[in-house]
Amino acid sequence: MEFNLHSENNTAGKPIRCKAAVARKAGEPLVIEEIEVAPPKAWEVRIKILCTSLCHSDVTIWKMAAGPIAFFPRIFGHEAAGVVESVGENVVEVKEGDFVLPTFQSNCGECRDCKSQKGNACSKFPVPFYGGMPRDGTSRFTDMNGQTIHHFFSVSSFSEYTVVDICHVVKMNLEIPTDKACLLSCGVTTGVGAACKFAQVEEGSTVAIFGLGAVGLAVAEGARICKASRIIGVDLNPDKFEIGKNFGITEFINPASCGEKSVSQVIEEMTDGGADYCFECIGLASIMADAFNSSRQGGGKTVVLGVEMHGSPLSISPYQILRGRTVMGCMFGGLKPKSELSSYVQKYLDHELNLDAFITHEVNFKDINQAFDLLHQGKSLRCIIWMDKIENGK
């Protein structure tokens with residue numbers, strides 16, 4: 001795979017006019033319109049997006065009409081793959097023409113947390129929910145009337161071109177197909193990494209996963225790679241069992257079919273005391289408590305991956321914690337993007353990691369609202385949105 005951005009009219013250092021899918025109001029269909037993308041400032045990279053996909057986090061915040069993280073108009077999107085169009089001052093790790101992933105997870109490599117082996121937080125650039133660039137808070141997008149358009153998760157990939165801080169850019173191996181690389185910029189990495197890197201699921205262990213969306217199924221894929229003996233999926237959609245089998249799900253629980261028993265009671269009976277590892281992939285405090293109560297005493301681990309957006313507190317029994325259960329949370333699977341994402345690329349190239357099955361639909365950029373419809377209808381795991389026509393995108 002080779003990229004050539006050189007042309008007679010070099011765009012480096014100049015504003016670019018391009019198409020973007022702009023969210024004008026909360027919950028309303030995105031509008032494809034022409035915008036202007038400013039050149040990158042120091043420490044920034046302007047990226048030509050090749051393809052992007054729709055994550056549930058995009059939809060969740062797109063629906064929010066008010067609150068500290070609600071900014072409109074806005075360009076959503078944070079799972080994508082692209083090629084560097086130009087770079088600002090002080091950028092040395094990527095150059096024009098490089099194949100890259102923009103990631104919402106920052107990784108400056110300089111702060112105390114980035115240098116620590118304990119996690120993947122970046123204290124210099126915490127996970128952003130505001131609407132501008134991480135260093136100065138300003139936007140690189142304007143519409144044709146000169147109005148500012150806000151950023152999202154430091155990526156904003158629903159645009160033919162975007163500007164991303166270098167702390168959110170990872171250079172990619174050219175051997176991985178563009179659409180498969182796109183998946184690694186958020187959801188799949190979050191789930192697989194949570195099982196393999198963060199929780200370190202052991203061979204022969206029992207895993208319970210609450211919510212079998214793309215992240216939950218990625219947890220199952222990670223648990224399968226780690227050779228868990230039983231991988232129990234919990235979801236209200238019975239179709240998810242057959243889908244989940246592609247990712248290692250061995251047993252399925254529909255909470256609506258448990259009768260008078262709670263899900264935690266069912267799991268405790270199934271596993272003779274509870275699962276070794278429980279993963280919450282929905283984002284509801286009540287489900288987080290169910291997951292915790294489904295874990296085994298004396299060492300059961302519960303990992304929270306879902307983002308609780310309702311402000312509800314997590315209520316669990318201190319006595320159960322004293323009995324040896326733990327609850328933890330992680331973002332982006334606990335991985336440091338710049339140094340650890342390449343290992344998942346290699347797993348895919350070595351046929352150890354199943355990425356292909358996550359892609360259930362593909363649409364052209366002009367049809368991006370179809371991706372929202374498919375997700376709302378529960379029909380898609382990941383819908384790849386090609387910036388050029390699908391037949392030319394691969």
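Residues are termed buried where their relative accessible area is under 20%. In the predicted model described here, this criterion applies to A214, V215, G216, L217, A218, V219, A220, E221, G222, A223 and I225 of helix α5. Eleven of the twelve residues of α5 are thus buried, so the helix is largely enclosed by the rest of the structure. Helix α5 spans residues 214–225, and the distance from its first C-alpha to its last is 16 Å, close to the 16 Å expected at 1.5 Å a residue. The surroundings of its buried residues comprise α4, β10 (206–210), β11 (230–234), α6 (239–245), β13 and β17 (382–386), against which they pack. After α5 comes K227, which has a positive phi near 70°.

The largest nonpolar core of the model contains 105 residues, and F158, L184 and F279 have the most contacts inside it. Helix α5 gives the most to this core, contributing seven residues. A second, separate core consists of 13 residues, among them V234, I253, A275 and I287. With neighbours within four places in sequence set aside, F279 contacts A194, A195, A199, V201, V207, A208, I209, F210, V219, V303 and L305. One of these partners, V219, is also one of the buried residues of α5.

In the UniProt record, an unreviewed entry, residues 214–341 are listed as "domain: Alcohol dehydrogenase-like C-terminal". This span is 37% helix and 16% strand, and its end C-alpha atoms lie 18 Å apart. Within the loop that joins α7 (263–271) to β13 (277–280) lies G273. The relative accessibility of G273 is 26%, and this residue therefore counts as partly exposed. Beyond four places in sequence, G273 touches E268, S295, R296 and Q297. A separation of 13 Å is found between the C-alpha atoms of G273 and R323, which are 50 residues apart along the chain.

Helix α10 has 13 residues, numbered 337–349, and reaches 18 Å from its first C-alpha to its last, close to the 18 Å expected at 1.5 Å a residue. Its buried residues are P337, L341, Y344, V345, Y348 and L349. Viewed down the axis of α10, these buried residues fall within an arc of 145°, so they line one face of the helix. An α-helix has 3.6 residues a turn, so residues three or four places apart point the same way. The packing partners of the buried residues of α10 are β5 (99–102), β9 (169–171), α3 (178–183) and α4 (187–198). Helix α4 also packs against the buried residues of α5. Just after α10, H351 adopts a positive phi of about 65°.

A further site involves N120, which is located in the loop between α2 (112–115) and β6 (141–143). With a relative accessible area of 11%, N120 is buried. Its side chain reaches the backbone oxygen of L335 at 2.8 Å. Residues up to four places away in sequence being excluded, N120 touches Q105, S106, M331, F332, G334, L335 and K336.

Methods
Residues are numbered from 1 along each chain as its sequence is written. This is a predicted model: local features need pLDDT of at least 70, side-chain atom pairs count only at pLDDT 80 or more; totals for chains, interfaces and linings use all residues. Side-chain values use heavy atoms; hydrogens and water are left out. Helices (H or I, at least four residues) and strands (E, at least two) are DSSP runs, numbered from the N terminus. Buried means under 20% relative accessible area, exposed over 50%, partly exposed in between (1.4 Å probe, protein chains only). A polar contact is a pair of N or O atoms within 3.5 Å; within protein, one must be able to donate a hydrogen and the other to accept it, and residues adjacent in sequence count only if both atoms are side-chain atoms. Contact means heavy atoms within 4.5 Å. UniProt positions are given in the numbering used here, feature names are shortened, and annotations may be inferred rather than shown by experiment. The expected span of a helix is 1.5 Å times one less than its number of residues. The arc is that of the directions from the helix axis to the C-beta atoms. A nonpolar core is a set of buried Ala, Val, Leu, Ile, Met, Phe, Trp, Tyr and Cys residues joined through side-chain atoms within 4.5 Å.
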